[in-house]
Amino acid sequence: MTRTEPVDGAPWRNRASIAVPLQHPHRQDLLHEQWQRRFGHLAHVRQLRLPADRTAGMHRTRVERRLVGDVAVSRQFSDPIAGVSGHGDADGRADLVAVHIIRSGSLSVEDTARRADLGPGTLCIRDLHSRWRFAYTAPTDCRVLLLPRAALLGQLRRTRLPALTVAPATAPESRLLLAHLDTAWALSEHLGPAGTHAAGAALSLLLTGLIGTHAATAVPAPVPDPPQTLRAAATAYADRRLRDPGLTPAAIARALHVSVRTLHRAFADGESVMAYVRRRRLESARRELDHPGGAYTVADVASRWQFADPSHFRRAYRNTYGQPPRRG
């Protein structure tokens, strides 16, 4: 296998993986040991930890990497894990930019001034001069690019980069980048030096187009909306999607471009966001049951309004309305 040098100067390996038994009494130490052995060249990532609430099965991380000019491109899968990346490396290895393209799962990133919760179909660009806390909060499949920040600064003709840029994968600039990325990945092992350099330079250039278009609106750095305004927006969003099985705090926060923590704070002085959703679903189910001549049974209505367990629906209905659910 041909060995080349990635952007941080460590030996390049095409594929690597780790597997940590979550029931292991020293699983955190085992994680650090395996990570250092397999992914030690990723010096900008540190302080890794496995979720405390997961103690069965295996944690797995798999990475397949290729070098396209000065851009390290990888396909990554990771079970839930958290850590820190970026600022703090004395040897300058944080002088990089990281790009994540989320295909499935979820990634949260946060520095002292901003936070983003990223779901499928989202692309984010982070300047690793900032110190970022990150967490894969679900099994996550993504593409990751690492490149020298100097490459983007030169293209943008700036002395500073936006700390964070977030864009949908459906944006025209994202689609252009992803199309080139797919082609560069497929051809990277067949291109000569000049072609590889050109492909990497084109990736950098396309990233500057994303930053120039989306950085200003990517993450809310200014003062957030008052809680009552955010709560109204969240309840309006929920009311339109009460029959959606994917209606969760994370989905609502993502749609409103806020963190889950900020969303919960907006509901702190009353019922929680999911208590609101359950109450509105019960009200909708009651209206449907009260409609004379309806075609749905009580179990059907419970399922239509996302109560997976009919007995749970009956208990919730009785506790709220003082009588069991029945057709009108």
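Which strands does helix α2 lie across, and at what angle does it run to β11? Hold that for a moment.

Ground rules. This is a predicted model, where local features need pLDDT of at least 70, side-chain atom pairs count only at pLDDT 80 or more, and totals for chains, interfaces and linings use all residues. Residues are numbered from 1 along each chain as its sequence is written, and side-chain values use heavy atoms, with hydrogens and water left out.

Now the answer. Helix α2, residues 149-156, lies across β6 (96-104), β9 (122-127) and β11. It runs at about 70 degrees to β11. Axes here are lines fitted to C-alpha atoms, for helices over the stretch in contact, and angles run from 0 to 180 degrees between N-to-C directions. Helix α3, residues 172-187, packs on the sheet too. It touches β3 (58-68), β4, β6, β9, β11 and β12. Its direction makes about 85 degrees with that of β3. Contact means heavy atoms within 4.5 Å.

Next, the inventory. The protein chain has 10 helices and 12 strands. These are DSSP runs, numbered from the N terminus: helices are H or I with at least four residues, strands are E with at least two. Of the 328 residues, 47% count as buried. Buried means under 20% relative accessible area, exposed over 50%, partly exposed in between, with a 1.4 Å probe and protein chains only. Among contacts between residues at least 6 apart in sequence, 72% join residues at least 24 apart.

On to the sheet. It is open, with seven strands in the order β1-β3-β4-β11-β6-β9-β12, and the pairing is antiparallel. Two strands pair if DSSP finds at least two bridges between them. β1 (15-21) and β12 (164-168) stand at the edges with a single partner strand each, so one side of each has no neighbour in the sheet. From one strand to the next, the twist averages 15 degrees.

Look at β4. Six of its eight residues are buried, so to speak of cover, the strand is mostly covered. On one flank, β3 and β4 pair in the antiparallel sense over eight bridges. R62 stands opposite F77 in β4. The two strands form a hairpin with two residues between them, and G69 in the turn has a positive phi of about 65 degrees. β4 (71-78) also pairs with β11 (140-148), antiparallel, over seven bridges. There, Q76 has C142 as its bridge partner, and S74 stands opposite V144.

Now the cores. A nonpolar core is a set of buried Ala, Val, Leu, Ile, Met, Phe, Trp, Tyr and Cys residues joined through side-chain atoms within 4.5 Å. The largest has 34 residues, and V109 and L118 touch the most other members. Helix α1 (27-39) gives the largest share, four residues. A second, separate core of 28 residues includes L145, A169, A199 and A215. Back to V109: leaving aside neighbours within four places in sequence, its contacts include R114, L118, W132, F134 and L164.

Last stop, E189. Is it buried or exposed? Exposed, with a relative accessible area of 52%. E189 lies in the loop between α3 and α4 (193-218). Beyond neighbours within four places in sequence, E189 is in contact with N14 and R66. E189 and R66 are 123 residues apart along the chain, yet their C-alpha atoms are separated by 8.1 Å.
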